[in-house]
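Subject: A structure for you to look through

Hi,

Here is the structure I promised to pass on to you. Please open it next to this message and follow along as you read.

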Amino acid sequence: MTGARPAGITWRLTGALPVSRSERISRAVGTRVVRTGIGSVAVLAGSVDRLRHLVTDPSTLRTVTSAVVTVAWWRSPRQGWSGRIGWLDDVRDQRVALPRGGRGPAVVRVTLGAPTQLRLVVGAALEALSPTRPLPRPAGARLTVRDTLPGFLPIRPPATVVAGDPPGLDDVRAHDLLLCPPGWGAPEQPERYAATAGATPFGLSTAGRTTVLVDAQRVNPRGRKAGAYALDAPRVRLEFRPSGAAVDGRGLDPATIATLREVGVVECPRVPVNDPVAVAGAFVQVAMTGAVLHVPHLPPTVGDLLDAELRGLVTAAVDATEPLALEVRSVAQRRAAMRGHGTAFALPAATGAAFPGLRRPPSVSAILVTRRLEMVPAALRAIAAQTYPELEIVLCLHGVEVPAPLRAALSGYGRPIELVEIPGTVSFGEALGVATARARGSLVTKFDDDDTYGAEHVWDLVLARHYSGAALVGKGAEFVYLEAEGTTVRRSAGAAESDAQVIAGGTMLMGRGELEEVGGWRPVPRSVDRGLIDRVKRTGGLIFRTHPLGYTYHRRATGHTWDPGAAYFQENVSGRWPSLPPYEEFGTLITPT
């Protein structure tokens with residue numbers, strides 16, 4: 001399988017490459033754009049991933065007035081999915097035809113009143129077929145790209161891609177950030193821009209530093225198979241060879257992404273040094289798919305382009321003694337790659353000199369509603385220990401008074417804490433609503449007072465919200481701590497990295513505005529998590545379940561409103577550990593203090 005061909009090198013995967021049935025169909029169809037008339041085109045793609053990859057092709061900068069977009073093998077994100085195309089200017093007609101049963105060919109037809117770039121039309125069609133939801137931000141730069149289409153550009157919200165000098169506006173600065181090909185001179189009217197930077201095929205060049213960037217909405221672990229962590233999972237080699245081909249910054253093609261989602265380990269024994277940016281870009285993308293990447297001999301010219309955490313991970317020896325060790329490595333690598341190189345996070349950081357207030361990720365409010373004062377200190381420590389930088393804690397005490405020692409200790413947790421006191425006569429759902437109203441984060445997430453959380457838990461949720469495009473994200477309750485036995489078991493809770501019907505209530509993350517749009521929390525005394533899930537579904541939102549690491553559900557002997565019996569949690573068990581699994585991902589066991 002051959003990948004992108006930057007000038008100077010080409011790369012390929014060798015070994016036993018698994019191919020699923022749906023991927024065989026997708027490859028047979030491929031991707032084609034056919035002119036059907038003046039200003040009209042027909043687009044045929046084997047899968048949604050191939051259609052998404054098309055948007056990175058410079059040929060889509062042509063303008064059209066009508067398009068028929070067909071995905072030959074489409075699978076509904078959830079039962080009853082009824083997608084709508086995204087926003088386009090001057091739409092005269094639009095039609096979406098989805099197959100019965102949620103599988104088969106899907107067709108989107110669009111007629112416009114004015115010529116529009118095909119990449120924007122395809123991007124709008126994608127929203128009818130797959131969730132695409134940008135991260136909420138209180139402020140953001142207007143991005144303009146001149147004379148190039150780098151593969152790291154996100155589909156939504158679209159960047160303005162132009163040939164020649166971009167048009168201006170009368171009353172405001174026309175463009176905040178201008179990206180240009182290498183060697184391009186100074187802007188003709190510099191007052192139009194707050195900042196300029198060179199856009200290479202695989203990243204950004206600014207202030208003498210190169211930042212490798214990848215669009216994580218296109219390259220990600222979505223759909224990664226659980227079998228990829230088995231000790232006998234396929235292992236492949238990543239090989240580089242000399243090439244004189246032209247630069248192609250589109251990166252991993254959809255066929256390679258589909259393969260890597262089922263691969264266990266990718267070995268790269270030899271690393272060339274003649275095109276370090278392209279090589280680093282390949283490494284970042286492999287890591288983003290979730291495949292465990294091992295590069296034992298990493299030249300400094302390549303390693304210096306990688307996020308420091310990612311660099312340390314890919315050079316370390318692979319622990320293949322148990323499946324969970326491979327899964328822990330996979331999760332750590334994809335997390336480091338996404339937050340260190342994902343466009344949504346790394347581009348604002350790279351342009352922080354021009355926009356210092358925009359370089360940090362979206363703010364998150366962690367909401368903890370509890371009646372049990374004895375659990376509060378340990379729960380606050382677990383939230384305060386999160387590595388996510390923009391995090392506040394909303395502590396809602398439900399029907400209990402705040403003791404003076406606790407109030408005095410709140411300033412010692414190193415996080416801003418909003419204290420809310422609610423009478424015990426108010427339902428749990430109402431208490432959550434009041435606490436949410438006091439939250440200041442763009443995103444809100446729910447913590448439970450007696451479950452255990454790893455320090456990267458919030459980062460996992462924010463990343464999943466970004467690349468899944470779902471309205472509500474969370475983790476499954478796969479790891480369950482049985483307090484009566486003092487052991488943790490791993491149970492089957494459905495497929496990870498996929499759309500889901502249910503997620504654990506103690507892991508829910510959602511945009512605050514979107515939470516309010518669906519009606520917020522239901523004012524019920526119990527099953528408030530199920531109530532929110534139901535509201536999200538009824539308003540057309542998707543629910544996404546990311547990997548389960550970093551969250552352990554605690555099961556006490558008594559006190560649960562839902563009690564299927566102790567035997568229920570001993571069924572379908574694939575692993576068992578005394579206390580917690582022995583990895584930092586799982587944090588520290590929460591105990592009352």
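Predicted model: local features only at pLDDT ≥ 70, side-chain atom pairs only at ≥ 80, totals over all residues.

Residues are numbered from 1 along each chain as its sequence is written, and side-chain values use heavy atoms, with hydrogens and water left out.

**Aromatic pairs**

A pair of aromatic rings is described by the distance of the centres and the angle of the planes. Here, rings of Phe, Tyr and Trp (its six-membered ring) pair if their centres lie within 6.5 Å; planes under 30 degrees apart count as stacked, over 60 as edge-to-face and the rest as tilted. How many aromatic pairs does this rule give? The count is 8. One of them joins Phe-345 and Trp-459, with 5.6 Å from centre to centre and 70° between the planes, which is edge-to-face. This pair links distant parts of the chain, 114 residues apart: Phe-345 is in helix α9 (residues 343-350) and Trp-459 in helix α13 (residues 457-468). (Helices, H or I with at least four residues, and strands, E with at least two, are DSSP runs numbered from the N terminus.) Phe-345 counts as buried because its relative accessibility is 7%, and Trp-459 counts as buried because its value is 8%.

Now back to the two residues from the start. The ring centres of Phe-479 and Trp-577 are 5.9 Å apart and the planes meet at 40°, so this pair is tilted. Phe-479 sits in strand β22 (residues 479-482) and Trp-577 in strand β28 (residues 573-578), so the pair ties together parts that are 98 residues apart in sequence. There is also an aromatic cluster, made up of Phe-345, Tyr-388 and Trp-459.

**Salt bridges**

Side chains of opposite charge can pair when their charged atoms come close. The structure holds 33 salt bridges (a side-chain nitrogen of Lys or Arg within 4 Å of a carboxyl oxygen of Asp or Glu). Here are three of them to find on your screen.

- Arg-261 pairs with Asp-49, and their closest N and O atoms are 3.1 Å apart. Arg-261 is in the loop between α4 (254-260) and β14 (265-267), and Asp-49 is in helix α2 (residues 48-54), so the bridge ties together parts that are 212 residues apart in sequence. Arg-261 counts as buried at 9% relative accessibility, whereas Asp-49 is partly exposed at 25%.
- Arg-335 and Glu-585 meet at 2.9 Å, N to O. Arg-335 belongs to helix α8 (residues 323-341) and Glu-585 to the segment after β28, so this bridge ties together parts that are 250 residues apart in sequence. Arg-335 counts as buried at 2% relative accessibility, and Glu-585 counts as buried at 12%.
- Glu-390 bridges to Arg-360, with 2.0 Å between the closest N and O atoms. Glu-390 is in the loop between α10 (376-384) and β17 (391-398), and Arg-360 is in the loop between α9 and β16 (364-370), 30 residues apart. Glu-390 counts as partly exposed at 23% relative accessibility, and Arg-360 is partly exposed at 44%.

Some bridges share partners: Arg-335, Asp-460, Lys-475 and Glu-585 are joined into one network in this way.

What does the side chain of Arg-224 lie beside? A polar atom of that side chain is 2.9 Å from the backbone oxygen of Leu-260, and the backbone oxygen of Gly-290 lies 3.2 Å from a polar atom of the Arg-224 side chain. Arg-224 is buried yet has no salt bridge, and the nearest side chain of opposite charge, Glu-497, is 7.9 Å away (Lys and Arg count as positive and Asp and Glu as negative; His and the chain ends are not counted). You will find Arg-224 in the loop between β12 (209-212) and β13 (235-243).

Happy exploring, and write back with any questions!

How values were computed: Buried < 20%, exposed > 50% of the residue type's maximum accessible area, 1.4 Å probe, protein only. Polar contact = N/O pair within 3.5 Å; in protein donor to acceptor, adjacent residues only side chain to side chain.
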